[in-house]
Amino acid sequence: MHRIYALYGFELKKILMRKIVWITLGVMIALNIWIPFADLSSTGYWVDSKDYTGYELMTVDRDAAEKLSGKPIDDTLLSEMQESYRNKDKYNNKESVAVYDINRSTGFESSVVSADDTESDEGSIPESKIDLNESRRYTPVFTYITKFISDHELALSVNEEELYQERQREISQCWDDQLLTTDEISYWEEKERQITTPLTYEYTEGWADLFKHICPLNYMLLLLIAMCLSGVFSTEYLRKTDQLILCSRHGKRPLYLAKLLAGVTFGIVSALLLFLASAASSLLIYGTDGFHAALQLALPLSSLPIRVGTAVLILFATFLAVSVLYSIVTMFLSEWLKNSVAVMALLAGCMIFTMMIDIPYGYRMASQLYDLLPTTLLIEWQLWDDRLVSVFGTYLTNFQAAWGIYLAVGVILVSAGSRIYGK
Amino acid sequence: MELIVDRISKQYQNKIAVDRISLKFTRGIYGLLGANGAGKTTFMRMICGVLKPDGGTITMDGMDVSVEEYRAGLGYLPQDFGYYPEFTGMDFLLYMAVLKGMTKPQAKRRANELLELVALTETARKKIKTYSGGMKQRLGIAQALLNRPRLLVLDEPTAGLDPKERVRFRNMIQELGKESIVLLSTHIVSDIEHIADRIIMMEEGKLIYQGKWDDGMNLEEFYLGTINK
């Protein structure tokens, strides 16, 4: 074992001594730090006759959300929110207030939340009297509700019972779309019963931002690993160093394992750095509030009875598992194809393919398998994908099933790679 | 110490690179001669376990070529091989030493000895990408000797060496031949005619001559006479 450890150090050195590794890693980390800021700095909003940057509005909303934290989303809070919005309409204060939130948090098309859509300055209250903090006091709750009630009129009139019924209706619609079986529906109904309503409002934007950025983060990780590990085996052939190492005492199995370990270590550390860069950036902007909040505050259509923090940890663990799989696949291809450019092209091609192609829910089996691919699994909406995998009568969620599948694929590829290397 | 090559063959598609060669090696220096494409490199690669023969066996003191213990006593300098350009000469030797199963202190001591032997002590901390062709070749020789091999296989070892280095290398091989089996392939007949105990000649994958060599004879004439038969 200590031989493998000694070789592992050299193999790690071989990977890290390449300039391309540091350049790519640096660029990826910088991008991940920048992306959450880019959302705020690249957008401007016209609110109450004044121009605001995305960041300015976010800080106002964050303060408002922090004041609302801990309040149950019940009839009382809904009435307060609706009363506040009615008062704004009364002043004919053109309500573009919620535009920013709707765009950012729900993915719904931009829309102006006002009784009438005509632009008019007539009757507007004087600018000096506008208190942005006051006018956006309930915006976080409104934004949350419009994540699953697309009809804004309804959002401004709904009561507690109707609100949770509407959420349930949306979830049932998802179940129908995903062609869930009766057993699967029973499974999720049981999970739903474990979710306590009314939900208690918490500001979860920092963590929710992580869910939002996990998809680009995942693609960056794949590109990084493809660029840095595609030469682990192939360059030995290319540089003709293979003949030196293969005839040495530990040049076969111990070296193969050392190379794999070094590659996987690089993959895991890269994933860790990218995730931390993204998390640090999001949490620096939005704060760390809401770690212990119910997941439904961040992802209203999820039926998992877990905390936001637990979901983040699951996401993080899955991201690390994906990094291990990417590393193994890349090194297997490097050994098999013996050409690092071909490996990079193949992996980038697969990434682009999965970015562009989606299999509709109607083809249940194909669609479910396709969505378990590492490039399609780490996408925000997968966190409320309710299709289950039955293993000997036990139901596994898509994330649980993916871990099992990735482990099996990893073991198969390591064995196959070992055979190719041995030849 | 005995290396037995028993009817080994290797075929690449339609070409037979090595055709049922059987040889027995004991301590001493063996000069391997043959024209380009005669199968020398394939033969040596099979002896080193880099290539698997299609048929036949290779054993040293009863150990098959595929086992770790066989490779533990092997030193190989390929004809055309690469380095890790970002490694220093010392890094490269330490890496090869670990691959050969040496401990870290042993590796450091031996690497320093060999760097001195091949006159690379001054440049040991420089990256290999800054080395000249001759320096790289000397580093290759050093790595082959790291584990004090019982079987040393050298494929065109003097390529890139200047005349002074070639003489020093020849003397070094002569010393090694007293303790080990040295199989040396070259195009330069003068490299082996004064040091080889036995000569092996190959043509089109076949063994065409093997025997003791009398230092008084002209090897070049003998070689040309043999392959033209």
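Reader: How many residue pairs are in polar contact between chain A and chain B?

Author: The model is a predicted one, and the side-chain atom pairs count only at pLDDT 80 or more. Across the interface of chain A and chain B there are three salt bridges. For polar contact, with both residues at pLDDT 80 or more, the count between the two chains is 16 residue pairs.

Reader: Which residue of chain A meets B:Asp80 in a salt bridge?

Author: A salt bridge requires a side-chain nitrogen of Lys or Arg within 4 Å of a carboxyl oxygen of Asp or Glu. The N to O distance here is 2.5 Å, and the partner of B:Asp80 is A:Lys240.

Reader: Which element gives the largest share of the side of chain A that touches chain B?

Author: Two elements of chain A give two or more residues to this side, namely α1 (2-16) and α13 (242-246). By class, the side has nine nonpolar, five polar and nine charged residues. The largest share, seven residues, comes from α1(A).

Reader: What area is buried between chain A and chain B?

Author: The contact involves 23 residues of chain A and 30 residues of chain B. On the side of chain A, the residues A:Gln243, A:Leu244 and A:Arg249 supply 28% of the area buried against chain B, more than any other three residues. Carbon and sulfur atoms give 61% of the area buried between the two chains, which is about 2,600 Å².

Reader: Within chain B, how many residues of domain 2 are in contact with domain 1?

Author: Chain B is divided into domain 1 (1-73 + 149-229) and domain 2 (83-148). Taken over C-alpha atoms, the centres of these domains of chain B are separated by 24 Å. Domain 1 of chain B contributes 17 residues to the contact, and domain 2 of chain B contributes 11.

Reader: Which residues of domain 1 of chain B lose the most area to domain 2 of chain B?

Author: The two domains of chain B bury about 1,000 Å² between them, with 61% of it on carbon and sulfur atoms. Three residues together account for 43% of what the side of domain 1 buries: B:Pro149, B:Arg168 and B:Met172.

Reader: Which residue meets B:Arg138 in a salt bridge?

Author: Between domain 1 and domain 2 of chain B the count is one salt bridge. The side chain of B:Arg138 has its partner at 3.0 Å, N to O, and that partner is B:Glu165.

Reader: Which element gives the most to the side of domain 1 of chain B that touches domain 2 of chain B?

Author: Four residue pairs are in polar contact across this interface, both residues being at pLDDT 80 or more. In chain B, α2 (68-72) and α6 (163-176) each supply at least two residues of the domain 1 side. With five residues, the element that gives the most is α6(B).

Reader: Which residue in the turn between β1(B) and β2(B) has a positive phi?

Author: Strand β1 (residues 3-12) and strand β2 (residues 15-25) of chain B pair in the antiparallel sense over seven bridges, and B:Leu3 has B:Phe25 as its bridge partner in β2(B). The two strands form a hairpin with two residues between them, and the residue in the turn with a positive phi, about 50°, is B:Gln13.

Methods
Residues numbered from 1 in each chain as written. Chains lettered and ligands numbered in written order. Predicted model: local features only at pLDDT ≥ 70, side-chain atom pairs only at ≥ 80, totals over all residues. Heavy atoms only, no water. Domains from an automatic or database assignment. Contact = heavy atoms within 4.5 Å. Buried area = accessible area lost by both parts, 1.4 Å probe. Polar contact = N/O pair within 3.5 Å; in protein donor to acceptor, adjacent residues only side chain to side chain. Helix = DSSP H or I, 4+ residues; strand = E, 2+ residues; numbered from the N terminus. Nonpolar A, V, L, I, M, F, W, Y, C, P; charged D, E, K, R; others polar. Pairing = 2+ DSSP bridges.
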